[in-house]
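Hi,

Here is the structure I promised to pass on.

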Amino acid sequence: MDDLVGLAVIVILVVVAGAICGLIALVQLNGLKQEVAVLRAKVTHLQTHKPISQSEPQSEASTAQAALSRSEPIAHKTQPNLTSQSVSPPVINQPSAPPKKAKPAEASAIELLFNKLRAGFEQNWMTWIGAIALAFGGIFLAKYSLEAGLLSPVMRLSLGGLFGLGLIAAAAYLHHKRIVFEGFNNYIPAALASGGFITCFALTLLAYSSYDMLSPTVAFFALAIIAISASAMALRLGPLLAVLGIIGAYSVPIWVSTGSGNLFALLMYIGFVSLSAALVAHKVQRIWLWYLLWVGHIGWYLVGFTLLKANTVWLMGAFALLSIVGLIAIPRLGLKLNVIEHRPHSLKRLIKVLPDHALLLAFMAPLIFTMLISHFNMQWQTIGVLSIVLVLFLVLKNSRWDIWQGVALVISTLFVIGAERTHLSPNLFDDALFIFKNEYGLGLLLGLLLTAFGLYYGKKQIKRLAFHITGAFSAFVMIATLYTLIPNFALSTAYPLWAVVLFVVAAILIKLAQHNTTLFQRFTYWVGANANITLAITMLLSDSGLTIALAVQVLLISVLIKRYSVPMPHWPIKALVAALLLRLTLSPWTPSYDALTVFGLHWSIVVYPLCIALFFAAAKCFDSSKLKIWLEGAALHCLALFITTETSYQLVGHYPQFDSLNFYEQILLTCNWLALGCVYLHRAKLAGTLAKLYQVAGFALVGLAELFAIKTLLDDNPLFESLYIGELPIFNWLLLLWLVPAGLTLWLAKLVKPINAKATPFILAVAGGFILLAINSFIRQYWQGPYIYLSKGASNAELYSYSVIWLILGAGTVIFGHLKNQLLIQKIGLGLLAAVIVKVFLIDMANLEGLLKALSFIGLGLSLVGLSWLFQKLRSRVNPV
């Protein structure tokens with residue numbers, strides 16, 4: 001019963017594929033009919049506007065119209081192949097013609113699709129239902145003969161087989177006599193053949209699974225022959241049988257399994273099926289047949305890794321490489337691989353070469369991943385070398401695969417890493433010649449070979465930039481990989497050789513840059529030479545030396561772009577800057593950087609300011625460019641890191657540990673992040689397309705600063721806790737705790753106003769709260785000293801000083817509001833004066849008696865009268881009568 005269910009699934013897939021095929025055919029037919037109608041209209045227009053006496057043009061028009069009428073039935077003519085010797089898959093990356101604008105009176109695209117689907121079903125519904133009925137008839141006949149016991153098993157299967165073969169023979173006869181239609185539109189023979197092949201498939205499964213009349217090997221080959229025969233007959237009857245044959249052939253190992261786990265037999269069978277399917281897909285010229293082929297082939301290739309053993313590594317490698325040749329190279333280059341293209345292409349076009357890139361990745365990625373997790377032996381060495389050679393060979397054949405040189409470099413890098421995982425041994429470095437052995441010798445050899453390859457073919461084909469990039473950066477990438485793998489104690493042995501190689505390659509690149517013909521070649525060689533020299537210098541320095549070297553590289557590339565006016569895309573520089581910023585961001589919290597020094601100083605004091613200067617210098621090379629904004633943003637990010645990390649380090653001796661910050665670190669981070677948030681928001685005004693990014697970063701920093709300010713106010717407030725704030729008046733921790741945040745919050749309110757005006761009053765209120773806390777704390781610190789917690793109480797002198805100072809501040813605020821004609825500021829000043837009056841009556845004068853109390857009231861009254869007179873004078877000057 002499970003076999004019947006599986007066959008039903010296959011039938012459904014065939015029907016769906018047939019419906020898609022019919023729909024595509026109808027769409028093509030409708031499009032050609034519209035074109036013919038347009039051409040007829042043009043011919044008619046020409047006939048009506050030409051004199052009748054001109055017999056020759058009339059004859060030409062009539063001839064054209066006759067040709068059009070003869071060409072009308074040809075609705076499914078496929079495009080010729082690019083090469084007569086190749087099996088060409090569809091070129092998916094070719095740009096299509098712009099669609100025609102639909103008229104308002106026309107139906108929508110969904111209605112048009114539905115109408116075409118309905119029309120196709122109305123025309124061929126009897127054919128398809130008949131084919132399905134025949135297939136199920138064969139299946140049910142076999143099932144009935146099994147259940148009723150009418151005939152012997154051999155007779156039942158023989159009669160069923162004759163029925164299936166009869167359908168196939170009838171289909172072949174109808175197609176040969178061309179009774180119905182011509183070409184691939186002969187649906188009735190294809191339907192009959194489909195029913196016959198499905199019947200034969202079902203009977204073979206019954207003979208194997210129910211009667212045990214066939215061994216697994218015989219059943220396997222019988223099913224394979226049936227499926228491949230269906231594919232072969234599809235060359236005559238059309239894509240319906242091709243779908244049936246491809247699905248059936250790839251599904252045979254599922255239906256019949258010998259249980260031996262023979263990887264060689266499986267891959268041989270899949271290879272043979274894929275070869276047959278490729279021939280059919282090439283002949284039938286349907287894109288979805290290629291999709292079925294790719295899915296089936298790659299699917300079984302991935303299944304093969306589950307059967308991989310130590311002695312079958314070579315088999316998977318050979319299958320992967322042969323698959324690349326069979327499914328990518330031969331369809332593009334022909335059977336003899338003699339279709340060569342050396343035309344240079346733009347980077348955008350190289351990236352969009354499909355499906356070639358996807359297929360190469362599908363075959364190479366699982367192979368390399370398995371190599372990395374497996375024991376590195378001679379088999380993997382051979383496969384890795386052959387993979388690199390094959391990729392570079394294909395690059396020489398077709399310039400559309402130039403980007404595969406980068407794939408070869410990635411394979412080489414992972415190849416070296418895979419070797420390092422296996423050969424890592426503490427005794428390896430006892431021998432001074434280790435730099436020529438194992439992964440170190442392999443990496444150096446691959447780097448030099450790839451460099452020679454790029455320089456040689458770059459000289460022969462100057463306009464193909466990928467060769468120049470390979471020649472300029474291969475040695476750099478491979479030695480940089482070895483540099484990351486080698487232990488620090490062994491670097492002194494390897495450095496002399498690596499430095500010599502890097503300097504020699506840099507010298508060659510500089511020499512070539514002086515004798516070149518293209519701007520891109522000159523630029524690439526200069527950048528490559530700088531990269532090699534920078535790496536050689538970096539290996540002399542500590543870990544932070546690489547960071548400085550990368551930052552210098554950014555500046556050098558920017559200078560070269562400006563000097564030679566190279567129209568280079570910005571994304572490589574952005575990627576380099578992004579990688580550098582990630583390194584700079586993670587370094588403070590990397591254990592190896594804790595005690596790292598540069599020139600006797602802690603590394604962050606040197607590296608961050610230097611990177612800031614280098615980024616700003618690089619930004620100067622790009623006038624009115626988006627890259628200028630990007631580099632300035634990188635400099636600001638480095639400034640944020642420097643302020644955040646170095647202040648904490650100088651204060652407590654380590655970088656911020658956010659889960660255990662003390663009182664003073666919280667103060668510093670609050671000021672730092674609030675200031676940087678304001679800088680980012682200010683920068684957003686000039687950032688263009690990056691404005692949103694700057695705003696998000698700015699608000700994120702402001703939010704973090706707000707969290708620390710709230711935590712300090714509630715948990716670590718010196719007014720409530722015994723916390724040391726300093727001996728000096730004003731110039732103590734209270735300055736950073738509340739006064740500096742107050743000024744930054746006022747700036748923040750100004751920056752936020754154009755973005756969200758409703759939030760401005762709230763931000764101003766927060767700034768006012770900071771100012772209130774700052775002034776009162778300064779007064780209390782003057783009287784109380786370094787500890788100002790409120791439980792210590794307050795003297796009368798301290799209480800009076802609050803009143804005097806706030807009275808002066810309130811009056812000054814009112815005067816300032818009058819001068820600026822700002823009603824809000826005046827109201828704030830009056831509110832302060834009112835608060836002072838309330839405090840004087842309720843607190844200051846509560847304990848006074850006799851003459852002191854009288855004099856206090858007299859002084860307060862005179863002060864209020866004097867302020868009133870002053871306000872009137874100011875109002876008269878601002879608003880004269």
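Let's start with where to be careful: over residues 179–185 the pLDDT stays under 50, and the model has 16 contacts for them beyond four places in sequence. This is a predicted model, by the way. Its protein chain has a mean pLDDT of 74, with 64% of the residues reaching 70 or more. Residues 11–17 are another stretch where the pLDDT is below 50, and there the model has ten contacts beyond near neighbours in sequence. Where pLDDT is low, the predicted coordinates should not be read in detail.

Now the aromatic side chains. The structure holds 18 aromatic pairs. One of them is Phe453 with Phe467, an edge-to-face pair at 5.8 Å centre to centre and with 65 degrees between the planes. Phe453 sits in helix H15 (residues 438–460) and Phe467 in helix H16 (residues 465–485), so this pair links distant parts of the chain, 14 residues apart. Phe453 counts as buried because its relative accessibility is 12%, and buried means under 20%. Phe467 is buried too, with a relative accessible area of 0%.

Trp673 and Phe708 make a tilted pair, because their ring centres are 5.4 Å apart and their planes stand at 45 degrees. Trp673 belongs to helix H23 (residues 663–684) and Phe708 to helix H24 (residues 691–714), so the pair ties together parts that are 35 residues apart in sequence. Both Trp673 and Phe708 are buried. There is also a cluster in which ring pairs link Tyr301, Phe305, Phe319 and Phe363.

While you are looking at helix H23, find Tyr680, which is in that helix. Is Tyr680 buried or exposed? Tyr680 is buried, as its relative accessible area is 8%. Leaving out residues up to four places away in sequence, Tyr680 touches Gly633, Leu636, His637, Tyr694, Ala697, Gly698 and Leu701. As for Tyr694, its C-alpha atom is separated by 5.5 Å from that of Tyr680, although the two residues are 14 apart along the chain.

On to the charges. How many salt bridges does a search of the whole structure find? It finds eight. Glu798 and Arg780 form one of them, with 2.9 Å between the closest N and O atoms. That pair links distant parts of the chain, since Glu798 is in helix H27 (residues 796–820) and Arg780 in helix H26 (residues 760–784), 18 residues apart. Glu798 counts as buried at 0% relative accessibility, and Arg780 counts as buried at 4%.

Arg343 and Glu341 form a salt bridge as well, the closest N and O atoms being 3.0 Å apart. Arg343 is partly exposed, with a relative accessible area of 49%, whereas Glu341 is buried, with 18%. Together with Arg400, Glu341 and Arg343 are linked in a network of salt bridges. In the salt bridge between Lys711 and Asp716, the closest N and O atoms are 3.4 Å apart, and Lys711 counts as partly exposed at 35% relative accessibility.

Last, the surface. Leu347, Ile351, Ile403 and Trp571 make a nonpolar surface patch of about 370 Å². Of these, Leu347 has its place in helix H11 (residues 347–351) and counts as partly exposed, with 36% relative accessibility.

Cheers

Definitions and conventions
Residues numbered from 1 in each chain as written. Predicted model: local features only at pLDDT ≥ 70, side-chain atom pairs only at ≥ 80, totals over all residues. Heavy atoms only, no water. Patch = residues over 30% accessible without salt bridge, like charges linked within 9 Å, V, L, I, M, F, W, Y side chains within 5 Å. Areas by Shrake-Rupley, 256 points an atom, 1.4 Å probe, with all protein chains shown as cover. Salt bridge = Lys/Arg side-chain N within 4 Å of Asp/Glu carboxyl O. Helix = DSSP H or I, 4+ residues; strand = E, 2+ residues; numbered from the N terminus. Buried < 20%, exposed > 50% of the residue type's maximum accessible area, 1.4 Å probe, protein only. pLDDT = per-residue confidence, 0-100. Contact = heavy atoms within 4.5 Å. Phe/Tyr/Trp six-rings, centres within 6.5 Å; stacked < 30°, edge-to-face > 60°.
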